[in-house]
Amino acid sequence: RCKNLSVSFWNSYWMLPSDVCGMNCFWEAAFRYDYMKTHPSEKMHLAVVACGERLEETVTMLRSAIIFSIKPLHFHIFAEDQLHESFKDILDEFPYEGRVNYTLYPITFPSESAAEWKKLFKPCASQRLFLPLILKNVDSLLYVDTDILFLRPVDDIWSFLGKFNSTQIAAMAPEHEEPRIGWYNRFARHPYYGVTGINSGVMLMNMTRIRRKYFKNDMTPVRLQWGEILMPLLKKYKLNITWGDQDLLNIMFFHNPESLYVFPCQWNYRPDHCIYGSNCKAAEEEGIFILHGNRGVYHDDKQPTFRAVYEAIKNYSFGDDLVHSLLQPLEQELQKTMHTYCGRVYKVFIKQLTKSIRDLYARRSKGR
């Protein structure tokens, strides 16, 4: 088998840091590729909501999803009307016809309360709350914010759907790992999930279960379905919520904690995980799986480590060698950020990325 591998792959493989993974990673990836070929499944559905100046950021997120993923992807893009043509022009040029499909949707809210939902937190942000009601024929969905970057296959977070128990309908990560810097436990004026709340920037949903469930709440002794509970929640708490739709989700899962699957912090790694010192232990051990550049850190100089990853993926051209065109230039840029707290742990930003590249080359080698 090894003789069939290209010289460039082996050169790339051995040039990468040896502490990330050894030959076992190569064969593990190859076997996983074999399994995927012999166990085909439905495509993965990924949704994003883009408004204002979020076109480039959204496209970069979509690119990161495409690079490593194994199963076919269907993107559900909810965007303001003036962005549709630009999305279409860009996405139609992506060189993965057949493996990647997309559907563009307008921003829509219930007509009787559209103005109220539009002004909640950020323009269009609360659109995500209505996805189970709009995408009625989609069984399961991964929603992500525009400022998300995938550093490993979407398939891997999609697989959490199979880990849900009989009561779980969605999966999210904690808002904070360290209560001393947590926002919800220090400032929230409403109920929230768990010790530090949950972050909705990466939200995996079994939408069939969401549509069927009757939710406990603090407004009525009668349990309400998803479409019935949203507006009453907003009316009750709109003067007490800071983070809009995320706060409403926290309230909902506070009353229905059995319905939430909580995944570790490396699946939604944000500046808060390193700007006060490293506090995502799982990422220290395994690397970052999904990077979340909230607070606009991809576009300013406050967190150059996050911006370096964003720029590397944005500038990568499909088909170029991932080691020489993405990984090596990124590591050089990350080394320049070591004067920051996040830069001091810059290796967590490339640890999983390195493995994902190795796995991808292994799959390609097996596919020849």
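**Close-up 1. Surroundings of Lys163 in the predicted model.** In this predicted model, Lys163 touches Gln168 and Tyr261, when residues up to four places away in sequence are not counted. Lys163 lies in the loop that connects helix H7 (154-158) with strand E6. Between Lys163 and Tyr261 there are 98 residues of separation in sequence, yet their C-alpha atoms are 8.6 Å apart in space.

**Close-up 2. Pairing of strands E6 and E8.** Strand E6 (residues 170-174) pairs with E8 through three bridges, and the two run in the parallel sense. Within this pairing, Ala170 has Leu260 in E8 as its bridge partner. Helix H11 packs on the sheet here and touches E6, strand E7 (198-206) and E8. The direction of H11 makes about 65 degrees with that of E7.

**Close-up 3. The seven-stranded sheet.** Seven strands form an open sheet in the order E3-E2-E1-E4-E7-E6-E8, and their pairing is mixed. At the edges stand E3 and strand E8 (260-262), each of which pairs on one side only. From one strand to the next, the twist averages 25 degrees. In general, the strands of a sheet pair through backbone hydrogen bonds, in either a parallel or an antiparallel arrangement.

**Close-up 4. Strands E2 and E3 with helix H4.** Strand E2 (residues 73-79) and strand E3 (residues 100-105) run parallel and are joined by six bridges. His74 is found opposite Asn101 in E3. Together with helix H4 (residues 84-91), E2 and E3 make a β-α-β unit that is right-handed.

**Close-up 5. Packing of helices H10 and H11.** Helix H10 (residues 226-237) packs against helix H11 (residues 245-255) at an angle of about 110 degrees, and their axes are 10 Å apart. H10 is therefore roughly perpendicular to H11. The crossing in which H10 passes H11 is right-handed. On the H10 side, the contact is made by Trp226, Ile229, Leu230, Leu233, Leu234 and Tyr237, which meet Leu248, Leu249, Ile251 and Met252 in H11. By residue class, this contact comprises 10 nonpolar residues, with no polar and no charged ones.

**Close-up 6. Packing of helices H13 and H14.** Helix H13 (residues 304-315) and helix H14 (residues 322-335) have axes that come within 9 Å and cross at roughly 160 degrees. The two helices, H13 and H14, are therefore roughly antiparallel to each other, and their crossing is right-handed. Thr305, Ala308, Val309, Ala312 and Ile313 in H13 meet Leu326, Leu330, Glu333 and Leu334 in H14. The residues of the contact of H13 with H14 comprise seven nonpolar, one polar and one charged.

**Close-up 7. Packing of helices H3 and H13.** The axis of helix H3 (residues 55-68) comes within 9 Å of that of H13, and the two axes cross at roughly 75 degrees. H3 is therefore roughly perpendicular to H13. From H3, the residues Glu56, Glu57, Thr60, Arg63 and Ser64 meet Tyr310, Ile313, Lys314 and Asn315 in H13. The contact of H3 with H13 divides into two nonpolar, three polar and four charged residues. Ile313 of H13 takes part in this contact with H3 and also in the contact with H14.

Key. Residues numbered from 1 in each chain as written. Predicted model: local features only at pLDDT ≥ 70, side-chain atom pairs only at ≥ 80, totals over all residues. Heavy atoms only, no water. Axes fitted to C-alpha atoms, helices over the stretch in contact; angles between N-to-C directions. Helix = DSSP H or I, 4+ residues; strand = E, 2+ residues; numbered from the N terminus. Parallel < 35°, antiparallel > 145°, perpendicular 65-115°, else oblique. Left-handed = near helix turned anticlockwise from the far one by under 90°. Contact = heavy atoms within 4.5 Å. Nonpolar A, V, L, I, M, F, W, Y, C, P; charged D, E, K, R; others polar. Pairing = 2+ DSSP bridges. Right-handed = clockwise from strand over helix to strand, strands pointing away.
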